[in-house]
Amino acid sequence: IVKKYKGLIRVDSCNFDFSQVVCLRSMPYVENDQLVKEAGATVIIQNSQFDGKNRKAGDAITLIGCLGFSIKDNTIKGYKGCGVAAMYCIRKEANKRNFITGNTIIENINNSNTADFSAGILLYNSQACVKNNAEISRNGYGIVSLNRSVASIIGEDCFSDISLMQNIRNN
């Protein structure tokens, strides 16, 4: 578990086998006798491999209350929860976005009889631009947007090169 009050968390070119990345927002805190209302971290996770081996319960990447995030060019597969779960991640700046882009998110599904939820991407009271992911498939659900979340789902308008298209299928 990674806990940051403010700052940057960067994960680049790492392999996570049967492991998870969890970034939690802390409660507002006092610094120099001033209440800091925006506690949390900016998270960048890129060029990494996540493999739950079809046995790992929980999510590959869980972001709770992060100030901003970019999940880019990762392969995420085999978790019994969600590939990416973002909760309470809203950008305050009008011209800034959270991004989930260029990823392959596959085979995150819970086949047991429990009530556990599984999806490629879960947004709960969060904002994210889901753009140009290579593949989001064979998950419990593809993309789930709940509780006033704002999701922009954008693919390239290029039918001549299927590798440029965002493929969301068979979920």
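How many salt bridges does the structure hold by the rule I used? I started my notebook with that, and the count comes to five salt bridges. I keep in mind that this is a predicted model.

**Entry: K53 and its partners**

I went to K53 and looked for a charged partner. The side chains of K53 and D17 meet in a salt bridge, at 3.9 Å from N to O. This pair links distant parts of the chain, since K53 sits in strand 8 (residues 49–56) and D17 in strand 3 (residues 15–17), 36 residues apart.

I then checked how open each residue is. K53 has a relative accessible area of 36%, so I noted K53 as partly exposed. D17 reaches 47% relative accessibility, so D17 counts as partly exposed too.

K53 also turned up in a second pairing: the side chains of D51 and K53 form a salt bridge at 3.7 Å, N to O. Is D51 buried or exposed? I found 17% relative accessibility for D51; buried means under 20%, so D51 counts as buried.

**Entry: R169 and E135**

Next I looked up R169. Its side chain meets that of E135 in a salt bridge, at 3.5 Å from N to O. R169 lies in strand 20 (residues 168–169) and E135 in strand 17 (residues 135–137), so the pair ties together parts that are 34 residues apart in sequence.

For accessibility, I wrote down 39% for R169, which makes R169 partly exposed. E135 has a relative accessible area of 17%, so E135 is buried.

A reminder to myself: side chains of opposite charge can pair when their charged atoms come close.

**Entry: a stop at N125**

I finished my tour with an asparagine. Where is N125 found? I located N125 in the loop between strand 15 (119–124) and strand 16 (127–131).

I asked myself why N125 counts as buried.

Technical notes: Residues numbered from 1 in each chain as written. Predicted model: local features only at pLDDT ≥ 70, side-chain atom pairs only at ≥ 80, totals over all residues. Heavy atoms only, no water. Helix = DSSP H or I, 4+ residues; strand = E, 2+ residues; numbered from the N terminus. Buried < 20%, exposed > 50% of the residue type's maximum accessible area, 1.4 Å probe, protein only. Salt bridge = Lys/Arg side-chain N within 4 Å of Asp/Glu carboxyl O.
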